[in-house]
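Subject: The structure I promised you

Hello,

Please read them with the model open beside you.

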Amino acid sequence: MQGPACPLPLSHDTQIVMGHGSGGRMTSELIQRVFLPRFSNPTLLAGNDFAALQAKGGQLAISTDSHIVNPLFFPGGDIGKLAICGTVNDVAMSGATPVSLTAGFILEEGLLISNLEKIADSMQAAAAEAGVQIVAGDTKVVEKGKADGIFINTTGVGWVPQGRVIGGEQAKPGDAVLLSGTLGDHGMAVLTARGDLGFEANIQSDVAPLNHLIAAVLKAAPHTHVLRDPTRGGLATTLNEIACQSNVSIWLDEAIIPVSQPVKAACEMLGFDPLYIANEGKVIVIVPESEADKALGAMKTSPYGKNAVKIGTVKEDEPGRVLLQTLIGGTRILDTLAGEILPRIC
């Protein structure tokens, strides 16, 4: 069933390597070995990108993320927009309405203040579009050569209405798997912005706040089971996480999965699979089949969901696996990303 595959990277169990930041198998192994045994609790063990905590009148959704990208400015965005949108989206994946954020900055000696001002302006613009406020923050400065310009950590808070339960463990056999648009735009935009590929490509990052799109989906499809943004590790790795959390299989149709022509051409030249490339403005929506058309219609009302499509179905057999019906009529197993493809992109 499975065609040729790259070998797994060598085991690294004594020191951190770049693959530990891939969002794929090595990241998962690091979390399982170091963090879960020490921090384990039911909320953390749920395995989502947010924590849902009980509060009066509903649930409090909290998510935190650290953002590193090289270069700091890329077509379609910059590290500031990325920091706001990434955390807003993680909070929104719980079904919450994001309310406020905190921001922590690690600045490298020598960073141009004019660039910091541009980044701050971009953060404010993204926060205004999402309808959230940055309510607290912290700043630290490190010696030149210790931070590659700037690192940003953001933490987001939002409210989940009482009774709403959305998470990676909620996928059910018979559900439809929807995707809000084309894959690989962010990862390939950042890579081409580095200028070391030997060719030029007109690719814009998809970084965007998705909370308003998600609110429209939940209004149209109130029984939505899963929301997840396919960031590090791409669509394939994210769906593997969901399949394992819910103990189901997810079957995809390669002919339907949207990839723009520039991204497809760049991936073919470089030998990359767009199913594993990071995205920063896309959402996977898993809903009962009876609500799929309504959810798609709601997604298409947003500029960030105009290319939304149904890409697959959730099934009972082959639990824990993601399988792709290929263009030539075969079936390919999509595994979790093993190591790092593109460093410093999220």
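A word on burial before anything else: a residue is called buried under 20% relative accessible area, exposed over 50%, and partly exposed in between, using a 1.4 Å probe and the protein chains only. Please keep in mind that this is a predicted model, where local features need pLDDT of at least 70 and side-chain atom pairs count only at pLDDT 80 or more, while totals for chains, interfaces and linings use all residues. Residues are numbered from 1 along each chain as its sequence is written, and side-chain values use heavy atoms, with hydrogens and water left out.

Salt bridges

Let me start with the charged pairs. Side chains of opposite charge can pair when their charged atoms come close. The definition used here is a side-chain nitrogen of Lys or Arg within 4 Å of a carboxyl oxygen of Asp or Glu. The whole structure holds eight such salt bridges.

One of them joins K282 and D185, at 3.5 Å from N to O. K282 sits in the loop between α8 (261-270) and β11, and D185 belongs to helix α5 (residues 185-193), so this pair ties together parts that are 97 residues apart in sequence. K282 is buried because its relative accessible area is 7%, and D185 is buried too, at 8%. D206 joins D185 and K282 in a network of salt bridges.

Another pair is K140 with D138, whose closest N and O atoms are 2.7 Å apart. Here K140 is partly exposed at 46%, and D138 is partly exposed at 39%. E143 and K146 also form a salt bridge, with 4.0 Å between the closest N and O atoms; K146 counts as exposed, at 57% relative accessibility.

Strands and how they pair

Helices (H or I, at least four residues) and strands (E, at least two) are DSSP runs, numbered from the N terminus. Two strands pair if DSSP finds at least two bridges between them.

Strand β5 (residues 97-108) has partners in β7 and β6. With strand β7 (residues 150-161) it runs antiparallel, joined by ten bridges, and A103 has T154 in β7 as its bridge partner. With strand β6 (residues 133-142), β5 pairs in the parallel sense over nine bridges. The chain gets from β5 to β6 through helix α4 (residues 113-130), and this β-α-β crossover is right-handed (with the strands pointing away from the viewer, the path from the first strand over the helix to the second runs clockwise). If you want a place to look, E108 stands opposite V142 in β6.

Strand β11 (residues 284-287) is worth a look as well. Which way do its side chains point? I284 and I286 point one way and V285 and V287 the other, and all are buried. β11 runs antiparallel to strand β8 (residues 176-179), with four bridges, and L179 is paired with I284. Three bridges join β9 to β11, also antiparallel, with L227 opposite V285.

Backbone and a buried threonine

Most residues other than glycine have a negative phi, and most peptide bonds are trans. The peptide bond from N70 to P71 is cis, with omega near 5°, and P71 is in the loop between β2 (58-67) and β3 (73-74). D148, in the loop between β6 and β7, has a positive phi near 55°. E318, which is not a glycine, has a positive phi of about 55° and lies in the loop between β12 (309-315) and β13 (322-325).

T224 is in the loop between α6 (211-220) and β9 (226-228). T224 is buried, at 3% relative accessibility, and its side chain reaches the backbone oxygen of A221 at 2.7 Å.

A nonpolar patch

Finally, the surface. I31, F35, F39 and L44 make a nonpolar patch of about 360 Å². Helix α1 (residues 25-39) gives the most to this patch, with three residues. F35 is found in helix α1 and is partly exposed, at 36%.

Best wishes

Definitions and conventions. Patch = residues over 30% accessible without salt bridge, like charges linked within 9 Å, V, L, I, M, F, W, Y side chains within 5 Å. Areas by Shrake-Rupley, 256 points an atom, 1.4 Å probe, with all protein chains shown as cover. Polar contact = N/O pair within 3.5 Å; in protein donor to acceptor, adjacent residues only side chain to side chain.
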